Protein chains: 2
Amino acid sequence: MKIIAVDPFYLRIPKITTAADGTQDTLLVRIRTDEGIEGWGECDASPLVSIAVYCCPMSHGNIINIRTSLIGETLNSPDDILRLSEKVLRNGLDIQQIQHAFSGAEIALWDIIGKKFGKPIYRLLAEMSNTPNTPHPKLPYASVLFGDTPENTRQVAKELHDRGYHAAKFGWGPMGKLGEDNDIALVRAAREGMGADTQIMIDAGVVWGTDYETAFRRAEAFADYTPTWLEEPLAPDAIDAYSSLISKNPSIPIAAGEGSSTYRMAEDIIVNGGVQFVQIDAGRIGGIMPSFQVRQLAEQRGVQYVNHTFKSHLSLAASLHVFATNPDFDLLEFPAAGSELSQRIVKDPFQVDADGLVRVMDLPGLGVEVDIEAIHPYLAPVHIEIGTETVFEQSSL
Amino acid sequence: MKIIAVDPFYLRIPKITTAADGTQDTLLVRIRTDEGIEGWGECDASPLVSIAVYCCPMSHGNIINIRTSLIGETLNSPDDILRLSEKVLRNGLDIQQIQHAFSGAEIALWDIIGKKFGKPIYRLLAEMSNTPNTPHPKLPYASVLFGDTPENTRQVAKELHDRGYHAAKFGWGPMGKLGEDNDIALVRAAREGMGADTQIMIDAGVVWGTDYETAFRRAEAFADYTPTWLEEPLAPDAIDAYSSLISKNPSIPIAAGEGSSTYRMAEDIIVNGGVQFVQIDAGRIGGIMPSFQVRQLAEQRGVQYVNHTFKSHLSLAASLHVFATNPDFDLLEFPAAGSELSQRIVKDPFQVDADGLVRVMDLPGLGVEVDIEAIHPYLAPVHIEIGTETVFEQSSL
């Protein structure tokens with residue numbers, strides 16, 4: 001097959017706020033081949049900045065856009081995906097945004113190859129790595145923002161519990177901003193709302209920067225409410241601060257890694273930061289293969305791999321293929337309060353089964369289908385001109 | 001003062017090639033204040049991708065563009081620059097390209113504060129860090145590409161020698177692509193052309209990826225020609241491979257770091273990679289302050305800080321202020337074969353003095369002035385629409 005088109009689509013809801021809700025807009029990438037097979041992927045990144053990486057004029061041999069690298073290329077096997085990924089990253093060596101932008105395309109390439117061979121992506125990954133190909137169900141944790149107050153948080157937690165969730169993560173919002181008492185009250189409310197027989201996770205949303213002493217004190221204070229982890233208490237690249245925090249042996253495991261835009265950043269936070277859970281967004285780190293490599297590193301280092309997913313179930317599908325075959329990596333971030341847009345992107349979203357678990361789709365490629373009709377109203381068509389030349393014209397959905 | 005305008009300008013020559021010549025285009029950033037003081041900075045990054053970071057619509061609280069973060073803000077002191085940098089980076093937490101794009105604006109903020117206080121930037125940095133404020137001259141090394149053949153390289157080297165350069169770096173081009181014999185012949189030609197009494201540096205342009213064994217063999221083979229360093233033999237984030245290479249004690253010091261888009265990347269390659277020279281581009285890492293922080297780390301670790309500059313003398317000025325006051329950091333990358341565009345950007349380029357050294361400009365701010373008339377013909381006006389809204393309209397120069 002030849003790649004004949006690589007098209008990014010910027011989708012958004014009408015009113016965007018500063019809330020830490022990543023589902024207010026998104027960037028989907030569609031790749032078409034001359035055999036009629038089409039693949040999709042989703043980026044968790046600024047849509048406009050990433051679109052620029054698909055169309056930016058060449059600056060020199062290290063700044064060449066993604067479309068130029070991919071269109072006309074041969075795509076017949078997983079090896080071709082690796083070869084094309086290497087080409088894209090080499091041509092984009094001096095484009096900082098290259099991984100954020102390429103993630104959607106890389107996922108789309110896997111979707112195409114899976115469809116071509118009639119195999120789900122997790123199987124292709126298992127074959128490629130000579131590892132077991134049996135998928136294992138995951139315990140989904142609802143991923144939501146803290147309420148504005150402890151009382152609101154308790155209500156959010158109670159609703160999640162009533163909807164049947166056995167695990168939920170609460171993050172961002174007021175955490176870390178109104179003092180220790182409020183922070184503790186938020187965690188207590190989350191625990192009380194969810195009930196004693198559930199897992200709760202706390203996401204501090206990088207609020208303490210490099211202040212690992214405060215992060216440690218909060219971890220100790222939160223321990224009374226037995227959260228599964230304390231996530232991102234520190235800035236994403238504050239590796240020394242993570243190392244200092246973890247060397248104090250906090251009573252709650254520490255999770256981080258969603259900010260990893262490269263494999264090295266994930267490796268750095270595992271090896272030098274020392275986190276116990278590593279959270280990878282396939283829509284930021286450059287797609288499925290670098291995520292899978294982090295999974296393999298996590299296996300070697302005895303760290304638990306978890307997906308970071310705060311987009312649609314298209315992203316969730318990509319994320320799940322990466323670690324479906326490892327039974328020890330048993331937690332799945334499950335977007336539970338996303339925008340209308342994010343809930344409409346796929347026709348066949350993941351369901352929580354009667355046993356409370358989520359299973360990977362045993363279908364070719366990603367196993368989910370984009371609902372073109374449903375997303376059409378959210379399309380924000382982009383047009384970019386430089387001088388008299390149009391460098392980006394919106395393709396039709 | 002209040003910031004009233006933040007304007008990026010995309011400049012380029014008519015015909016861009018894949019050569020590793022970073023001077024074929026550029027992105028300048030102009031910041032204006034309500035007191036009429038204006039500052040300039042230059043980014044070494046994809047102009048279009050970076051412009052998108054100045055104007056992209058908000059996605060949520062972690063994707064807010066640079067203009068939104070800066071316009072209307074108070075700017076009266078170096079502390080305001082730090083505060084605004086923190087704001088920009090926090091608002092752009094999930095924009096991978098944020099440092100590449102912000103670099104030009106950060107430099108422009110320093111230019112403004114220097115002009116306001118009538119002080120060169122290196123003095124502001126010395127005051128802020130309580131370090132000596134005496135500038136020291138640097139030995140400029142001409143930074144050029146290898147010729148296509150050893151013979152061409154010899155000619156290039158001979159011309160540089162005849163122009164009075166006592167040091168020159170040769171990089172990219174055929175290095176690493178045509179086998180060991182050709183690689184050695186290129187280095188020999190560089191040495192022969194420059195003569196025995198000069199310094200030469202070899203830039204392998206990331207050509208051996210993670211293959212530190214080949215990099216080591218080349219270092220040993222090149223040692224006969226006594227280069228000052230072997231630069232970027234490996235991929236920018238191949239930290240383990242750098243560590244493996246350096247643990248073999250190659251006969252030439254290893255240099256790297258130009259790909260550092262964040263302070264952490266530079267710290268990583270110094271602390272975990274173990275390089276002996278760290279090369280920082282103030283136009284990529286987020287500007288002058290993060291560069292200065294890498295300089296301070298290099299001082300602590302006994303590593304030599306060198307600028308990476310492959311743009312105009314506007315970038316050179318910014319780079320030089322960062323380490324002008326450290327007499328041990330005595331080498332200066334000096335763009336010597338840039339495009340017509342890059343040579344016209346400032347009115348008053350740096351000169352090599354009679355003693356063969358280059359001195360920082362003892363003038364307010366950066367100490368160089370942008371030649372508006374000269375660059376006007378190179379302006380590539382950018383226009384970006386999303387739906388019916390114009391999100392970027394080119395400002396006039």
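**A friendly note on a two-chain model**

1. Let us begin with a single residue. N249(A) sits in the loop between helix 9 (239-247) and strand 8 (254-256) of chain A. Its phi is near 50°, which is a positive value in a residue other than glycine. Most residues other than glycine have a negative phi. Please keep in mind that this is a predicted model.

2. Now look at another residue with a positive phi. W172(B), again a residue other than glycine, has a phi near 55°. W172(B) belongs to the loop between strand 5 (167-171) and helix 7 (180-194) of chain B. Is W172(B) buried or exposed? W172(B) is buried, because 22 other C-beta atoms lie within 10 Å, where 20 or more are needed.

3. Next, the two chains together. Chain B can be laid on chain A by a turn of 180° with a shift of 0.0 Å along the axis, and the RMSD is then 0.0 Å. The two copies are therefore related as by a two-fold rotation axis. The same surface serves both copies, since 100% of the contact residues of chain B recur in chain A.

4. How many residues does each chain give to the contact? Chain A gives 44 residues and chain B gives 44 residues. On the side of chain B that touches chain A, the elements giving two or more residues are helix 1 (47-55), helix 4 (98-117), helix 10 (263-273) and strand 12 (382-386) of chain B. Strand 12 of chain B provides the largest share of that side, with five residues. By kind, the residues on the side of chain B that touches chain A are 20 nonpolar, 17 polar and seven charged.

5. Strand 12 (residues 382-386) of chain A and strand 12 of chain B run antiparallel and are joined by five bridges. If you want one pair to find on screen, I386(A) stands opposite V382(B) in strand 12 of chain B.

6. Within chain A, there are two domains: domain 1 (3-119 + 372-393) and domain 2 (129-344). Their centres, taken over C-alpha atoms, are 27 Å apart. Where they meet, 29 residues of domain 1 of chain A are in contact with 27 residues of domain 2 of chain A. On the domain 1 side, strand 3 (38-43), helix 3 (78-91), helix 4 (98-117) and helix 14 (372-375) of chain A are the elements that give two or more residues. Helix 4 of chain A gives the largest share of that side, eight residues. The residues of that side divide into 15 nonpolar, 10 polar and four charged.

7. Staying in chain A, consider strand 1 (residues 3-12). Seven of its 10 residues are buried, so strand 1 of chain A is largely enclosed by the rest of the structure. Strand 1 of chain A pairs with strand 2 (residues 25-33) of chain A in the antiparallel sense, over nine bridges. Here A5(A) stands opposite R32(A) in strand 2 of chain A.

8. Chain B holds an open sheet of eight strands with parallel pairing, in the order 10-9-8-7-6-5-4-11. Which strands are at the edges? They are strand 10 (304-307) and strand 11 (331-335) of chain B, each of which pairs on one side only. Inside the sheet, strand 6 (residues 199-203) and strand 7 of chain B run parallel and are joined by two bridges. I202(B) has L230(B) in strand 7 of chain B as its bridge partner.

9. L230(B) lies in strand 7 (residues 230-231) of chain B. With 26 other C-beta atoms within 10 Å, L230(B) is buried. Setting aside neighbours within four places in sequence, the contacts of L230(B) are I202(B), A204(B), A219(B), F222(B), I252(B) and I254(B). L230(B) and K169(B) are 61 residues apart in sequence, with a C-alpha to C-alpha distance of 9.8 Å.

10. Finally, the interior. In soluble globular proteins, nonpolar side chains tend to be buried together. The largest nonpolar core of this model has 264 residues, and those with the most contacts inside it are A168(A), V278(A), A168(B) and V278(B). Leaving out neighbours within four places in sequence, V278(A) is in contact with several residues, including G257(A), A266(A), I269(A) and Y305(A).

Methods. Residues numbered from 1 in each chain as written. Chains lettered and ligands numbered in written order. Predicted model: local features only at pLDDT ≥ 70, side-chain atom pairs only at ≥ 80, totals over all residues. Core = buried A, V, L, I, M, F, W, Y, C linked by C-beta atoms within 7 Å. Buried ≥ 20, exposed ≤ 12 C-beta atoms within 10 Å, placed from the backbone. Contact = placed C-beta atoms within 7 Å. Least-squares fit on C-alpha atoms with pLDDT ≥ 70 in both. Helix = DSSP H or I, 4+ residues; strand = E, 2+ residues; numbered from the N terminus. Domains from an automatic or database assignment. Nonpolar A, V, L, I, M, F, W, Y, C, P; charged D, E, K, R; others polar. Pairing = 2+ DSSP bridges.
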